[in-house]
Amino acid sequence: MPTPNDARDSASETDTTDTAADTNTASDETTDTSQNATHPAFELDLTDDELDALHDLQLGIENLHRSYGALLEFHHQLGHAMDRMRDAEAELRNAGHDEWANQLRDEHLPAGAINDQWSYELVEEFSGEFLTDVDTFETAVRDELADGLDHVSERRQQHHLRERARDSR
């Protein structure tokens, strides 16, 4: 069960300021910097293997999202390329090369990027099926093992480094 100190001790990633009260409280207490029972990331009863699995799963999810971004970049770049090729079709026709223009129009422009799928279809399939399924899986694992807490390893590292800094003052 969270205590009033949990909110103060579990600073978000965007909150990097320490208040005077935090500093005084930390220096008045004897603190084990490797674990602090009042910090939510340390309240979890996780084995080293579970902690490693959560961390690797989180990194995997983050890389999948980066892959999705790269797929979107591919989709946009391919769209720009196809626009230029459509322009080239008109230019070939204006230059009197109807056969080349017709081939571009009939064979290349309507073709899919991969196995007759257009890039938007790849984006939709990746995000709507694969990415959604893996995100749901990661959430279920994190909910069961870490009470839904995200970035457990990073939270522990953040807390440890802040406690170490407070103890050195």
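Asp147 sits in the loop between α6 (119–146) and α7 (152–167), with helices taken as DSSP runs (H or I, at least four residues), strands as E runs of at least two, and both numbered from the N terminus. The phi angle of Asp147 is near 50°, a positive value in a residue other than glycine. This is a predicted model, in which local features need pLDDT of at least 70 and side-chain atom pairs count only at pLDDT 80 or more, while totals for chains, interfaces and linings use all residues. Residues are numbered from 1 along each chain as its sequence is written, and side-chain values use heavy atoms, with hydrogens and water left out.

**The loop between α6 and α7**

- Asp147 is exposed, because its relative accessible area is 66%; here buried means under 20% relative accessible area, exposed means over 50%, and partly exposed lies in between (1.4 Å probe, protein chains only).
- His151 lies in the loop between α6 and α7 as well, and its phi is near 55°, again a positive value in a residue other than glycine.
- As background for these two angles, most residues other than glycine have a negative phi, and most peptide bonds are trans.

**The chain as a whole**

- The secondary structure comes to seven helices and zero strands, so a walk from the N terminus reads α-α-α-α-α-α-α.
- Of the 169 residues in the chain, 24% count as buried.
- The chain exposes about 11,400 Å², and carbon and sulfur atoms supply 51% of that area; accessible areas come from the Shrake-Rupley method with a 1.4 Å probe, and for residues only the protein chains shown count as cover.
- If you look at contacts (heavy atoms within 4.5 Å) between residues at least 6 apart in sequence, 73% of them join residues at least 24 apart.

**Salt bridges**

- The count comes to seven salt bridges, each one a side-chain nitrogen of Lys or Arg within 4 Å of a carboxyl oxygen of Asp or Glu.
- Asp83 forms a salt bridge with Arg86, and the closest N and O atoms are 3.3 Å apart.
- Both Asp83 and Arg86 belong to helix α4, where they are three residues apart, about one turn of the helix.
- Asp83 is partly exposed, with a relative accessible area of 32%, and Arg86 also counts as partly exposed, at 47% relative accessibility.
- Arg142 forms a salt bridge with Glu138, with 2.9 Å between the closest N and O atoms.
- Arg142 and Glu138 are separated by about one helical turn, because they are four residues apart in helix α6.
- Arg142 counts as buried at 13% relative accessibility, and Glu138 is buried with a relative accessible area of 6%.
- Arg142 also forms a salt bridge with Asp150, where the closest N and O atoms are 3.5 Å apart; Asp150 counts as partly exposed, at 23% relative accessibility.
- Elsewhere, salt bridges that share partners join Glu89, Arg93 and Asp98 into one network.

**A patch of negative charge**

- Asp48, Asp49, Asp52 and Asp56 gather in a patch of negative charge on the surface.
- Patches are made of residues with over 30% relative accessible area and no salt bridge, with like charges joined within 9 Å and nonpolar side chains (Val, Leu, Ile, Met, Phe, Trp, Tyr) within 5 Å.
- Lys and Arg count as positive and Asp and Glu as negative, while His and the chain ends are not counted; the place of a charge is taken as NZ of Lys, CZ of Arg, CG of Asp or CD of Glu.
- Asp49 is in helix α4 (residues 48–94) and counts as exposed, because its relative accessibility is 63%.

- Leu54 lies in helix α4 and is buried, with a relative accessible area of 10%.
- Leaving aside neighbours within four places in sequence, Leu54 is in contact with Leu46, Val141, Arg142, Leu145 and Ala146.
- Leu54 and Ser153 are 99 residues apart in sequence, and their C-alpha atoms are 8.3 Å apart in space.
- Val134, in helix α6, touches Ile61 and Leu64, not counting residues up to four places away in sequence.
- The C-alpha atoms of Val134 and Leu64 are separated by 8.9 Å, with the two residues 70 apart along the chain.
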